[in-house]
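Welcome to a short tour of one structure. Have your viewer ready, and let us walk through it together.

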Amino acid sequence: MSAARIGVFICKCGGEISNTIDLGSLKEHVKKIPNVVYVEEHDFLCFNEGQEALKKAIREHRLNRIVIAACSPRLHEIAFRRILSEEGVNPCMLEIVSIREQCAWPYSDNPSKATEKAKNMVKAAILRVKTLEEIGEVTVPAKLSVLVIGGGIAGITAALKLADYGFQVYLVEKEATLGGKGLQLGTVFPTEDCGVCMVPYKLERHRKCLFKYVELVLTNPRTKIFTKSIVEHVEGYLGNFKVIVRKNPTYVDFEKCVACGVCEEVCPIEVSNEFDFGLSKRKAIYMPSPHILPRTYIIDEENCSKCGECEKVCPFNAINLNEKLERIELNVGAIILTTGFREFNPKNMYGYGIYPDVITQLMLARMLDLSGPTGGRLVRVSDGEKPSKIVMIQCVGSRDPKINPYCSSICCSIALKHARSIKERHPEIDVTIVYKDIRLMGKYDEKYLMECERLGVNFVKGEVIDVKWDPELKRFRIKLESFGERKCLLADLIVLSTGFIPSANAIELAEVLDISLRRDKFFASTHPKFAPLETNVSGIFVCGAAQGPTDISETINQALAVVSKVAKVLGKGEVRVKLSKAVVNENYCIGCRVCEISCPFNAAKVSVQGISNVVEVMCKECGICAAECPAEAIQLVNYRDEQLNEIIKGVLSS
Amino acid sequence: MKKFKPLILAFLCENSAYRAIDVASMRKVSYLESIRVIKVPCSGRISSTHILQAFSNGADGVIIFGCLKGGCNYVDGNLRAQLRVKKLKKILDIIGLGGERLEMHLVGFCEAGKILECMNNFYMKIREIGPNPLKSKGVFK
C-alpha cells in the first residue's frame, strides 16, 4: 500500500470556529506532523465552493487520507464521504474532528484553551487516520421469498401484501385453519365490524364477504399455505435462510374440500367444541365455525378412531386418512414472526374452572357473536338461562407483579365493547365493571366509555378479594375493596378480563430461530423505539401480538411496516454489505465460543474446526465480541485494538 | 503547590453520549478542557486493555458513557461494558491505581445536563484523589 498522504482541511465555519481558535498556530502545529502533505483552511467546507476546493486538493496533491476539522461528524459526514468516493478515495479514509462543538463553542471565552484542545484533537485524528484500513463491499444474493410464521391477522396481512409486491410467500400455521384469534372475536372495536371479516384472505385486503373469494386461495401462485405445520429448523442469514417445515397430516386436502358436510353426518364420534369454549358440540371431523379459513373440514386426531366412514362418503376424495407427516425444505430471504398471543388461563382465580358461570371475555365474545354457538343469545353456561346481573373483573393475570407485570393494553376496550353490546341488546341486564384503571389505548376507544356511561353500565374502582357462590341466593357474592371500603356485589355471570400471554410455542420457536425473548416471553426487538419490529437476527422480523398485546388496527399497521422493511431489504435481489465488520485472526482464535455467546446478533459462529467465523450480513459493527475475546483474535475493522490504542495515546499526549 | 489539573479520558458511545455532548456544546456550555473525548461505536467495544492503556498513557481518570438501560443499539453492549467496568474496578484497586479512577454512566442522547454533571463531579473527585500514581513512579515522562 502506498504511503499515507494526509490532507488536513480546517473549516472556519464563517467565523464560528476562526473567531475563537487561532487557525494560524493550528496550521503550523499540523504541518509539523509527519505524513501531512497538505493543510488548507476554508470558510465553509460544507458549501459547494468548499467541497470543490476539497476535491481539487485531493486531485492535485494525490491525497489518500483526509482529516476534516469542522463541525460534528453527525452533520456532514455522509456528504464528505461521498466526495471522497467521487474522487476515487475509499470513503472510509476520513476522520472528522468536531473542533466547533468540542473546542470553539464551549471555550469561546478562552481562545488559548480552545486552540490547545483543537491542536490535540487534530493530532489524534491524524494519528488515527493513518491507521485506517480500506473497506470494501460485498453483495450477497437474496432470495425473493419470505416465510411468514403464524396465520393470524398480522401474518395474513403481511403475506398478502408481500405477494402483491411479487415475493413468493410461504405461510406456516400450526393450527388447521388460518385466522388466529380474529375469528373468535365476534365484533371488533373500534368499527364494530365482524371479526371474521377483518381477516384478509388471499388477494383482497379486507373482504366484506368471505365466501366470494374462496377460489382465489387456489389461484394465487405466490402464496403457499402450510397448515398444521411447525418450523423445525432454521439456518442461514438475511437473504438466504434454509428452513425445514414439519407438515403434520391434515387428512383433508383443503384444496379439494368444498365443505359439503357429508363427512360430518357419518362421523360416529361427538365431543365438545373448544373453538366455542365448550358452548357447542362437534364431531371428530368438523368445521369449528362456518367462517374458518381455508373453508374446509378438519379432523381432530385425538378423538378420531380412523373408522374410515368419512373417506368412503366424500364425493371429492378430499379425505385421505393415511396421510403421512412430511418435511418440507424452503429457501427464503427473510422470516416474519406473527405468532400472536393467547389468553391467560385464570385457573382457580375468582372461581374460574370451579363454577361454569365464571367465564372469560373471549368466551363471552363467542356468545355475543351472532353466528356463534348460541346465535348471539346471552346465557348462563350452567343452565342456559338469561343472566340478570353480570360483573366483569378487569386485569385478571395482568398488572400483577406475581403473574404478569405488564398491562395487556386491550382488555379494557374489549370489556367496554362487550358491556356496550350487552346493554344495547338487553337494557334490563345489570352490568358492572370492577376495574383498577380504565386504560383505553386505541384512538377511537374513548367513545365506548362514553356510551357505556350513557347506557348505564356501572363502574366500580377496586380490587376483588374473594368470589363465593351463595346457594341460597343462587348468585355469586363478590367481595371487593374500593377506596378503603369493603363492598359486596351480587352476580349470576362473572366475566374475567384476562390478560394475554405469548403464543404457546414462542419459546420453542425462539430457540429454533436463535432469537431473544423479553422477560415477559414475548419476542424482543433490537430497540424499543428505533427498531421495534426487528429481532436481534437481521432478516427476522416480528409484528403483531407476537411482540406484545396489540389491537387489530395496530397489528395491521405493524404488518404493513414489516412488509415495507422486507421489501426494502430484499427488493433488489441482493444485499450489499460494507465490510467494516468484525474479522477473525485465525492464528489467534482458540475456539472458546465467547464471541458466539456475546454477539447479540448471532453473527459469530465457531466452525467445526474450532475457529470463529463472522457472517458479514449479520454483523452490525458494535465490537462487543472484540472486547470480550480473551485471545484478541476477533477485531472490529477500523476499531481494532491497535487503532484504538493509537487514538488513546494521541488524545492523551499533550 | 501548583493546583493539580487532572487529565481525564472519556469514552463516548456514538449513539448516545456523543450526541449529548454535541447538544451541550450547541448551548455553548463550557466543560473542562482537560477531558479528552474518544468516540466508540458502542460502549461494549471498550475492553479492559483500552482502559489500562489510557492509565498507562497518563490519564488520571477514565469515564465511560453508554446508552440508557434497554436503549442500547446493540441490545446489551452497555450492560456488558458495565460488568467489565465493575470487574476492572476491583483489579485497579488491587494494583494500587484505585477503582475510583474509573466510572461508567448510562445517559440518554439528549441528557446533555446529566453528562456534564457526571464529568464535572468526576473531575472534582479525581482532583481530590490526586494524580495517577504511575506518573510519580516515572513509568512515563
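## A sheet in chain A

In which sense do strand β1 and strand β3 of chain A pair, and over how many bridges? The model is predicted, and in it β1 (residues 6-11) and β3 (residues 65-70) of chain A pair in the parallel sense over 5 bridges. Within this pairing, Phe9(A) has Ile68(A) in β3(A) as its bridge partner.

These strands belong to an open, parallel sheet of 4 strands in chain A, ordered β2-β1-β3-β4. Because β2 (36-42) and β4 (94-98) of chain A stand at the edges with a single partner strand each, one side of each has no neighbour in the sheet. On average, neighbouring strands are turned by 15° against each other, direction ignored.

## Helices and core

Two helices to look for are α3(A) and α5(A). Helix α3 (residues 73-86) lies across β3 and β4 of chain A, at about 155° to β4(A). Helix α5(A) lies across β1, β2, β3 and β4 of chain A, and runs at about 160° to β3(A).

The largest nonpolar core has 244 residues, and Val8(A), Val67(A), Ala69(A), Val122(A) and Ile336(A) touch the most other members. Its largest share, 9 residues, comes from α5(A). Beyond its neighbours within four places in sequence, Ala69(A) has contacts that include Val8(A), Val97(A) and Val122(A).

## Where the chains meet

Contacts between the chains involve 33 residues of chain A and 34 residues of chain B. On the chain A side, α18(A) gives the most, with 8 residues. By class, that side has 16 nonpolar, 9 polar and 8 charged residues.

Terms used. Residues are numbered from 1 along each chain as its sequence is written. Chains are lettered from A and ligands numbered from 1 in the order in which they are written. This is a predicted model: local features need pLDDT of at least 70, side-chain atom pairs count only at pLDDT 80 or more; totals for chains, interfaces and linings use all residues. Two residues are in contact if their C-beta atoms, placed from the backbone, lie within 7 Å. Ala, Val, Leu, Ile, Met, Phe, Trp, Tyr, Cys and Pro count as nonpolar, Asp, Glu, Lys and Arg as charged, and the others, Gly among them, as polar. A nonpolar core is a set of buried Ala, Val, Leu, Ile, Met, Phe, Trp, Tyr and Cys residues joined through C-beta atoms within 7 Å. A residue is buried if 20 or more other C-beta atoms lie within 10 Å of its own, exposed if 12 or fewer, and partly exposed in between; C-beta atoms are placed from the backbone. Two strands pair if DSSP finds at least two bridges between them. Axes are lines fitted to C-alpha atoms, for helices over the stretch in contact, and angles run from 0 to 180 degrees between N-to-C directions.
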